[in-house]
Amino acid sequence: MQAWQVHENGEPSEVMRLEDVERPTPGDGQVLLRVRAANINFPDVLMVRGHYQVRPPLPFTPGVEICGETEDGRRVIANPALPYGGFAEYAVADAAALLPAPESLDDAEAAALHIGYQTGWFGLHRRAHLEAGETLLVHAAAGGVGSAAVQLGKAAGATVIGVVGGAEKAAVARELGCDVVIDRKTEDVVGAVKAATGGRGADVVYDPVGGEAYIQSTKVVAFEGRIVVVGFASGTIPSPALNHALVKNYAILGLHWGLYNTKNPKLVQHCHEQLTDLAARGAIRPLVSERVPLDAAAAAVQRVGDGVTTGRVAVVPQNGATA
């Protein structure tokens with residue numbers, strides 16, 4: 001089969017190689033899956049660069065999120081078991097963690113429903129307890145993680161403010177349903193949020209960016225607001241001033257979604273049921289901006305790493321159906 005291999009860490013466009021390799025052999029409790037679509041996540045970029053907390057042994061195939069097909073023909077969502085990731089024609093995954101792919105979504109959309117939307121659901125509902133009528137501020141609102149949070153926030157009845165970088169991404173954020181869109185490249189984010197909320201600020205801030213975005217978050221979070229920290233796409237990990245959280249009376253909430261797979265897997269299943277229902281009702285639908293063939297995966301991973309994509313980019317192997 002064909003699979004992208006990483007023999008040394010570096011930029012995806014430089015170190016990912018498409019090679020002919022043997023199909024992976026499932027271990028105990030694992031299954032072999034034919035990859036129908038693989039979604040590109042920012043952790044894939046970090047893993048290729050060697051900057052992620054998980055470092056699979058070299059060589060490895062990246063791709064942490066797929067829609068695959070079991071040997072008996074079931075269409076499922078899975079997180080492949082590294083080093084046999086999803087940017088390949090076949091991958092392996094833990095049988096106990098397979099989730100049914102929603103019938104309302106095609107393969108690329110189904111592949112994109114998992115990590116970003118689970119992270120959004122846990123962040124907004126389990127950690128921040130977002131309520132209808134509250135204001136939600138989403139950084140990088142046109143990106144893969146941010147777009148999921150925007151849709152979930154709207155589905156929960158929140159007023160959603162999206163922060164983006166550039167006019168193209170602003171247009172995408174509006175299409176996603178943001179009530180207010182702020183272009184950080186041409187507008188003062190802090191001033192615009194305060195103007196949009198009558199000076200009150202945002203009840204919940206969803207931050208997958210870190211760096212300057214986090215600093216802005218502390219300036220616009222409302223009384224009893226909650227800042228949900230889900231990642232550091234900016235490359236800068238902020239150091240919170242806890243005295244500031246004290247005097248403004250807000251909460252800083254960390255979210256590592258992957259822990260739920262081991263700490264509370266039943267809650268992951270419950271979340272998937274909620275997401276499936278929302279998708280069936282049309283309340284959410286992953287924004288797949290590009291569907292690329294397997295031989296274009298390295299370039300696509302590089303674009304995600306460079307921050308020039310919107311929504312999700314999916315790799316669709318030639319042997320994979322697009323349902």
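In which hand, left or right, does α7 cross α8? The crossing is right-handed. Keep in mind that this is a predicted model.

Two packed helices are described by the angle between their axes and the distance between those axes. Start with the pair just named. Helix α7 covers residues 189–196, and helix α8 covers residues 212–220. Their packing angle is about 35°. Their axes lie 9 Å apart.

Now look at the residues that touch. From α7 come Val189, Val190, Val193 and Lys194. From α8 come Gln216, Lys219 and Val220.

Several of its residues are buried: Ala213, Tyr214, Gln216, Ser217, Thr218 and Val220. What covers them? The cover includes the helices α7 and α9 (242–248). It also includes the strands β8 (135–139), β11 (202–207), β12 (221–229) and β13 (251–254). Gln216 and Val220 are among the buried residues, and both also take part in the contact with α7.

Next, move to another pair. Helix α2 spans residues 42–49, and helix α12 spans residues 297–306. Here the axes are 9 Å apart, and the angle is about 100°. Angles from 65 to 115 degrees count as roughly perpendicular. The helices α2 and α12 are therefore roughly perpendicular to each other.

Which residues meet here? Phe42, Val45 and Arg49 belong to α2. They meet Val301, Gln302, Val304, Gly305 and Asp306 of α12. This contact divides into four nonpolar, two polar and two charged residues.

How values were computed
Residues numbered from 1 in each chain as written. Predicted model: local features only at pLDDT ≥ 70, side-chain atom pairs only at ≥ 80, totals over all residues. Heavy atoms only, no water. Axes fitted to C-alpha atoms, helices over the stretch in contact; angles between N-to-C directions. Helix = DSSP H or I, 4+ residues; strand = E, 2+ residues; numbered from the N terminus. Left-handed = near helix turned anticlockwise from the far one by under 90°. Contact = heavy atoms within 4.5 Å. Buried < 20%, exposed > 50% of the residue type's maximum accessible area, 1.4 Å probe, protein only. Parallel < 35°, antiparallel > 145°, perpendicular 65-115°, else oblique. Nonpolar A, V, L, I, M, F, W, Y, C, P; charged D, E, K, R; others polar.
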